[in-house]
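This briefing walks through selected strands, helices and loop residues of the model shown below. Please keep the structure open while reading.

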Amino acid sequence: MSDIQPGFKNRPLVCVQGLGFVGLAMATVIANACDRQGVPLYQVVGVDLPNNRERFELINQGILPFKSEDLSFEPKLKQAVLINKNLRATCDEAVYEQAQVVVVDIPLDIEKLSPVDYSHYALNAAGFKSAMRTLGQKISCDCLVIIETTVPPGFCSKVVKPILEQEFKARQIASCPQIAHSYERVMPGRDYLKSISNYFRTFAGNDAVSAKKAREFLSSIIKVEEFPLREETGTEASELAKILENSYRAVNIALIYEWTLLAEKMGINLFSVIEGIKVRSTHNNIMKPGFGVGGYCLTKDSLLALWSADNFYASAYGLPFSKQALEINDKMPLHALDLIAEATSLDNKKLAILGISYREDVGDTRFSPAEIFYREAEKRGAKCFVNDPYLDNWKEVPEAQFIAFDEGLSQMDILVFATRHNLYLEAGKEYLVQISKSQAFLVDTFDILDDDKIKFLLAHDREVIGVGKGHIKKLRQELNCPEF
Ligand SMILES: NC(=O)c1ccc[n+]([C@@H]2O[C@H](COP(=O)([O-])OP(=O)(O)OC[C@H]3O[C@@H](n4cnc5c(N)ncnc54)[C@H](O)[C@@H]3O)[C@@H](O)[C@H]2O)c1
């Protein structure tokens, strides 16, 4: 087997199924796990689909196939691939035959079928089920399958286990498949890998043997002395925990939306008010106003639980509150657009979206609120341009024209700060005046411009609008700026 390096044949083989944002990070962390003598514990093979050949080639040269703010990511990948030689990428599924552990990091998508009412959705589980079937056809009877993919609660016991059992039966394997669920809390940003190895983990096994094996494996890659593992009573509880965590966050963000609208009408700076509330230890994770919610998890995870409530557990109540939070969060970027439209016409205006990734200081545009904003702004007559220090193309909006964050922006009528990238936070007030044209609108959707900058911009013939910043009206009055 060419994917297994000869020097590592005596080490347990761990396969990671799916080499995306999560899987490649996980594979890198596992390959860098060492014993007390500094010797790598595992041989790791990442498996992805054959159409990702370009990705394998990069990974097998120790090159990250996507940008990451974590400066340790590529060196650690290089260490594993080129120096330790215990990490390879492949599309050859035969490698699963020799695995002691398979970590599953592939997608399981749920599609919103209506843009306003998320009661209509479709679970696209075919790819995930087919991947489980492949594992059932290949793995040995004592291989542990750890599901890290976010799945509808109940999926491991009601879907994954029956598929593996069916395939085992066809191979005349009598033993029960060993399955565990353990979800990632990986956080894009500067500490991407550490958010796997140096962070708390929840897990559960489908039986005592699987739970014990999962504990041993996770303990070997995570600093459990500092971040003890939490074992749930069953895979259902671990699956539910993942989605409840994300729904909790999504609901808190949605709550602030309506207070943002009210504060703007009242002429209040909601960011400042929230700082005051955060002093209470019970309230220190209150969310702030913003441009919207994006990314692969917060925008959809509640729907996975809703699917389970409907399809597995016949829950008559469902999850109306969590569902509404998703609907509200998707509306947020349109609020920024409405604020602009209240102040100026969008028709034929050149509008620059500054920051298209869904999160600060990362280059991930999946389900970015900027896409909702871009499409609606164009529909309302604006000509949109985009800038993002972490991206030079926009996969979801390939027609988008990129511009630099410099004097080129002086052609723009409207500059929308849509992501809290450092580049924008660090831009000084003089620089902002230098790069923008007279009477341009600068739109702050994420508290990027403090009051000192706002006053300076207003005093230099720029207009400023801010989400959650009703007090700008008062600043305008102080400076005798005319009303919009
Ligand atoms: N991105 C995050 O921050 C994050 C955080 C926590 C959990 N998750 C969850 O982790 C899972 C993976 O997320 P991601 O961001 O890495 O997705 P991704 O789309 O970046 O990567 C998934 C990879 O799986 C591959 N794949 C699909 N089917 C496969 C198969 N049958 N065999 C091998 N490879 C296959 C795809 O080609 C792709 O490269 C999702 O369930 C997601 O909800 C993501």
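Asp109 has Asn124 as its bridge partner in E6, where helices (H or I, at least four residues) and strands (E, at least two) are DSSP runs numbered from the N terminus. The model is predicted, and local features need pLDDT of at least 70, side-chain atom pairs count only at pLDDT 80 or more, while totals for chains, interfaces and linings use all residues. Residues are numbered from 1 along each chain as its sequence is written, and side-chain values use heavy atoms, with hydrogens and water left out.

**The E5 and E6 pair**

- Strand E5 (residues 109-112) and E6 run antiparallel and are joined by 4 bridges; two strands pair if DSSP finds at least two bridges between them.
- Strand E6 (residues 121-124) has Tyr121 and Leu123 on its covered face, whereas Ala122 and Asn124 are on the uncovered one.
- In a regular strand the side chains alternate between the two faces of the sheet.

**The open sheet and its helices**

- Six strands form an open sheet with parallel pairing, in the order E13-E12-E11-E14-E15-E16.
- Strand E13 (401-402) and strand E16 (463-466) are the edge strands, each pairing on one side only.
- Strand E15 (residues 441-444) pairs with E16 in the parallel sense over 4 bridges, and Val443 stands opposite Ile465 in E16.
- Helix H11 (residues 320-343) lies across strand E14 (414-417), E15 and E16, and runs at about 145 degrees to E16; axes are lines fitted to C-alpha atoms, for helices over the stretch in contact, and angles run from 0 to 180 degrees between N-to-C directions.
- Helix H12 (residues 369-379) packs on the sheet and touches strand E11 (350-354), strand E12 (383-387) and E14, contact meaning heavy atoms within 4.5 Å.

**H8 against H11**

- The axes of helix H8 (residues 235-266) and H11 come within 8 Å and cross at roughly 35 degrees.
- Residues of H8 including Ala250, Ile253 and Tyr257 meet a set in H11 including Phe321, Ile328 and Met332.

- Lys85, in the loop between helix H3 (73-84) and strand E3 (87-90), has a positive phi of about 55 degrees although it is not a glycine.
- Lys85 counts as partly exposed because its relative accessibility is 43%; buried means under 20% relative accessible area, exposed over 50%, and partly exposed in between (1.4 Å probe, protein chains only).
- Asn348, in the loop between H11 and E11, also is not a glycine and has a positive phi of about 60 degrees, and Asn348 counts as exposed at 66% relative accessibility.
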